[in-house]
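Visitor: Can you walk me through this one? Keep it quick.
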Amino acid sequence: MPKPRVFVTRHLPGNALDLLAEHTDVAVWRDELPPPAEELEREVARSDGVLMLLTDRIGGDILKKSPRLLVVSNMATGFDNIDLEAAGRHNVLVTRTPGVLSETTAEFTIALIFAAARRVVEGDRAVRAGEWKTWGPEILLGQDLSGATLGIIGMGEIGREVARGTRALGLRIVYFSRSRKPGLERRYRMEFVTLDQLFRESDVISLHAPLTTETRHIIDRKALSLMKSTSILVNTARGPLVDQGALYRALMDERIAGAALDVTDPEPIAPNDPLLSLPNVIVTPHIASASVATRSRMARLAVQNLLEALGGKLPKHAVNRDIARAWRERVRKSGVAIGSEKMERPA
Ligand code: GLV
């Protein structure tokens, strides 16, 4: 029985690729940079499955040319890099890797909250620049987190982990989310508030919403104008949640105190982007989930999702479950299914 062909858009950490190679015929793009669009298109068109990262984009144009493709396994919790509507039209299943990265991402978010509030990066830069002349009572004064209000936008798994991790610090936590979470409100003594209230009352605002048409530029000029002049914005979700031009102007006008961004729009941010000229802005290269253990877990889960799907089983982390019936039928007809003697790719 021929093995299904799978394209993987980067080398993966841990032993995930070995597992994949046991069951599939794998082609791996081994560059540090993502495959160029034409290369991705060429490879996807020849494959039954693709395992890709958030830097790779799949839209209707590629899907139209890939009649063989059954599943796109995204090694990320977000999936805004995939045109879900087009995937649905072509009955291609999309999967993602939620859960396994929540704590790690929340830890990094909390690190950024501390770093911005206590001006850690500015302090390090000052020392390296030879500006540390003496201990001074007014040098690099930051803000206490104890007693401050943290506003969390988006109360999915990562938002919840940020609430759990910050609870013990004596912060008051308010949140806004698509749906209310009464159980979490009780557990972490959080308060559900309107967005405007969150902007007005928070000392730190942390973004944990997915990128959708509703959340794009959720932080815009108006939102920034409602925020406290001492407040800090932290984004470890998706760059386009923030209108970066408006953020730059708000920081220049001292309408807010600082920002810590692990995600930008675009990525990577241009080295001459005006935001990078501001001392009170921290920018890291989208590394919130980048721990040794978590990246291995993400890779394994992405492989598991792919193998399950190629076995004709609907993975738990399938995003477009509404197409399950039509998709199963496509898998059956394709004959590629792993683990089933009956299913053989027709000659
Ligand atoms: C990272 O940003 C992810 O979506 O997993």
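Guide: Here is a short tour of some local features.

Visitor: What kind of model is it, and how are residues numbered?
Guide: It is a predicted model: local features need pLDDT of at least 70, side-chain atom pairs count only at pLDDT 80 or more, and totals for chains, interfaces and linings use all residues. Residues are numbered from 1 along each chain as its sequence is written, and side-chain values use heavy atoms, with hydrogens and water left out.

Visitor: Helices first. At what angle do helix 5 and helix 7 cross?
Guide: Roughly 55°, with the axes coming within 8 Å. Helix 5 spans residues 102-117 and helix 7 spans 157-167. Helices (H or I, at least four residues) and strands (E, at least two) are DSSP runs, numbered from the N terminus. Axes are lines fitted to C-alpha atoms, for helices over the stretch in contact, and angles run from 0 to 180 degrees between N-to-C directions.

Visitor: Which residues of helix 5 and helix 7 meet?
Guide: From helix 5, Ser102, Glu103, Thr105, Ala106, Thr109 and Ile110. From helix 7, Glu157, Ile158, Glu161, Val162, Arg164, Gly165 and Thr166. Contact means heavy atoms within 4.5 Å.

Visitor: Now helix 2. Which of its residues are buried?
Guide: Leu40, Glu43 and Val44, in a helix of residues 37-45. Buried means under 20% relative accessible area, exposed over 50%, partly exposed in between (1.4 Å probe, protein chains only).

Visitor: Where do they sit around the axis of helix 2?
Guide: They fall within an arc of 95°, so they line one face of the helix. The arc is that of the directions from the helix axis to the C-beta atoms.

Visitor: And what do the buried residues of helix 2 pack against?
Guide: Strand 1 (5-8), strand 2 (25-28), strand 3 (49-52) and helix 3 (60-64).

Visitor: Switching to Asn305. Buried or exposed?
Guide: Asn305 is buried, at 2% relative accessible area. It is found in helix 12, residues 292-310.

Visitor: What does Asn305 touch?
Guide: Leaving aside residues up to four places away in sequence, Asn305 touches Ser73, Thr95, Arg96, Thr97, Pro315 and His317.

Visitor: What about phi at His286?
Guide: Positive, about 50°, although His286 is not a glycine. His286 lies in the loop between strand 12 and helix 12.
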